[in-house]
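Please find below a set of numbered remarks on the model, prepared for reading beside the sequence and the coordinates.

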Amino acid sequence: MSEKISLLYLCTGNSCRSQMAEGWTRALKGDQIEVYSAGIETHGLNPNAVKVMAEAGVDISSQKSQHIDEFKDTKIDYVITVCDHAHENCPFFPGRAKVLHVGFDDPPKLSPPDAPEEVKLDGFRRVRDEIKAFVETLPNALK
């Protein structure tokens with residue numbers, strides 16, 4: 001078996017999109033990809049992200065919000081920024097890391113703060129499903 005590709009999803013706060021991407025990648029492509037996620041900042045794991053991933057059969061509740069600095073000594077082949085802010089502020093990665101941008105909407109911003117819970121969750125579900133569709137294209141999408 002060949003060596004796994006190492007991939008880091010990077011987002012602003014490592015609370016939603018990058019966490020869902022990490023979960024999907026581990027669930028769907030874990031035999032091919034060693035996956036991590038981090039943020040330019042750490043905002044904690046968003047409970048709605050945990051909830052909608054669980055609905056899809058993927059448990060991300062044990063994942064934690066991590067800062068990009070925690071990976072400075074980790075061999076990373078690919079960094080995928082999943083939000084514009086992270087893409088614009090992506091730090092330099094020494095070595096051979098290739099940085100790609102695949103942007104997704106920020107789920108908490110898809111509905112007003114006073115929206116009913118189900119409306120809020122619908123935004124998370126849409127982004128969850130878009131991320132899953134992207135992950136299903138890996139590792140070919142990295143070439």
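1. The largest nonpolar core has 39 residues, and the members that touch the most others are Leu7, Tyr9, Ile131 and Leu138. A nonpolar core here is a set of buried Ala, Val, Leu, Ile, Met, Phe, Trp, Tyr and Cys residues joined through side-chain atoms within 4.5 Å. Buried means under 20% relative accessible area, exposed over 50%, and partly exposed in between, with a 1.4 Å probe and protein chains only. In soluble globular proteins, nonpolar side chains tend to be buried together.

2. This is a predicted model, in which local features need pLDDT of at least 70 and side-chain atom pairs count only at pLDDT 80 or more, while totals for chains, interfaces and linings use all residues. Residues are numbered from 1 along each chain as its sequence is written, and side-chain values use heavy atoms, with hydrogens and water left out.

3. Leaving aside neighbours within four places in sequence, Ile131 is in contact with Arg17, Met20, Ala21, Trp24 and Phe104; contact means heavy atoms within 4.5 Å.

4. The count of salt bridges comes to 12, where a salt bridge is a side-chain nitrogen of Lys or Arg within 4 Å of a carboxyl oxygen of Asp or Glu. One of them joins the side chains of Arg26 and Glu22 at 2.9 Å, N to O. Both residues lie in helix 1, four residues apart, about one turn of the helix. Arg26 is partly exposed, at 42% relative accessible area, whereas Glu22 is buried, at 6%.

5. A salt bridge between the side chains of Glu55 and Arg125 has an N to O distance of 2.8 Å. Glu55 belongs to helix 2 and Arg125 to helix 4, so this pair ties together parts that are 70 residues apart in sequence. Glu55 is partly exposed, with a relative accessible area of 44%, while Arg125 is buried, at 16%.

6. The side chains of Arg126 and Asp105 also meet in a salt bridge (2.8 Å, N to O). Arg126 lies in helix 4 and Asp105 in the loop between strand 4 (98-101) and helix 4, so the pair ties together parts that are 21 residues apart in sequence. Arg126 is partly exposed at 34% relative accessibility, and Asp105 is partly exposed at 38%. Through shared partners, salt bridges join Glu55, Glu118, Asp122, Arg125, Arg128 and Asp129 into one network.

7. The largest pocket has a volume of about 270 Å³. Of its 16 lining residues, the closest to the centre are Thr12, Arg17, Cys83, Asp106 and Lys109. On a 1 Å grid over the protein atoms alone, a pocket is an open set of points where a 1.4 Å probe fits, with protein on both sides within 12 Å along at least five of seven lines; lining residues have an atom within 4 Å of a point. The volume is the space filled by probe spheres set on the points, which are joined across faces, edges and corners. The lining divides into five nonpolar, seven polar and four charged residues. Here Ala, Val, Leu, Ile, Met, Phe, Trp, Tyr, Cys and Pro count as nonpolar, Asp, Glu, Lys and Arg as charged, and the others, Gly among them, as polar.

8. Thr25 is in helix 1 and is buried, at 0% relative accessibility. Not counting residues up to four places away in sequence, Thr25 touches Tyr9, Gly30, Ile33, Val35, Val135 and Leu138. Met53, in helix 2, is buried with a relative accessible area of 0%. With the same exclusion in sequence, Met53 touches Met20, Gly23, Trp24, Val58, Ile60 and Arg128.

9. Two points of backbone geometry deserve a check. A cis peptide bond, with omega about 0°, joins Leu138 and Pro139, and Pro139 lies in the segment after helix 4. Asn14, a residue other than glycine, has a positive phi near 50°; Asn14 is in the loop between strand 1 and helix 1 and is buried, at 0% relative accessible area. Most residues other than glycine have a negative phi, and most peptide bonds are trans.

Terms used
Helix = DSSP H or I, 4+ residues; strand = E, 2+ residues; numbered from the N terminus.
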